Amino acid sequence: AKAQAEAQKRAEEAAKKAEEAKVASAEWLAEVEKMEGVVKTESGLLYRIDREGTGVYATADTDTVEVNYEGKTRDGNIFDSSYERGESISFALNRVIKGWTEGMKLVGEGGQITLWIPAELAYGERGAGQDIGPNEALEFKVELIKVNPEN
């Protein structure tokens, strides 16, 4: 019975934390939305074009993009960075979180974009790894190096 009570308590704490993150993420995104140059899409994705690229855009979810990026939690903790690894990364847009699939079509090759991604377009209620809790909105700074359409 004691173990069951402890498990219940842990579950309640986790649910409380997830709810707090949901509220805090919504407040954070509302502040970001007021910043100059920030645009909100229909899905709730927020973005700002920091550097215009060329006219070459990813258009299909099967397109592959080569990027450099830095991902941060709303408290500014960098959880992933291709800059730190010292090499760019390529991936198909249908293999990443929804916020990236949508966001990478908004900037041209050679451009740079900042994405503020609500949890439902990122890792949702699951979270990811040690650094990203449930219901966490995320910020990514991304440089789009190259678009490789599906051939």
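A polar contact is a pair of N or O atoms within 3.5 Å, where, within protein, one must be able to donate a hydrogen and the other to accept it. The legends below describe close-up views of a predicted model.

**View 1. The side chains of Glu 102 and Ser 43 are joined by a polar contact.** This polar contact spans 2.6 Å, and Glu 102 itself belongs to helix 3, which covers residues 98-103. Because its relative accessibility is 25%, Glu 102 counts as partly exposed. Apart from neighbours within four places in sequence, Glu 102 is in contact with Thr 41, Ser 43, Leu 45 and Leu 121.

**View 2. The largest nonpolar core has 24 residues.** Those with the most contacts inside this core are Val 67, Trp 100, Met 104, Leu 115, Ile 117, Phe 140 and Val 142. At least two residues of the core come from each of strand 3 (64-73), strand 6 (112-117) and strand 7 (138-148), and strand 7 gives the most, with 5 residues.

**View 3. Val 142 and its contacts beyond the neighbouring sequence.** When neighbours within four places in sequence are left aside, Val 142 is in contact with Val 67, Asn 68, Tyr 69, Trp 100, Met 104, Gly 111, Gln 112, Ile 113 and Leu 115.

Note on methods:
Residues numbered from 1 in each chain as written. Predicted model: local features only at pLDDT ≥ 70, side-chain atom pairs only at ≥ 80, totals over all residues. Heavy atoms only, no water. Core = buried A, V, L, I, M, F, W, Y, C linked by side-chain atoms within 4.5 Å. Buried < 20%, exposed > 50% of the residue type's maximum accessible area, 1.4 Å probe, protein only. Helix = DSSP H or I, 4+ residues; strand = E, 2+ residues; numbered from the N terminus. Contact = heavy atoms within 4.5 Å.
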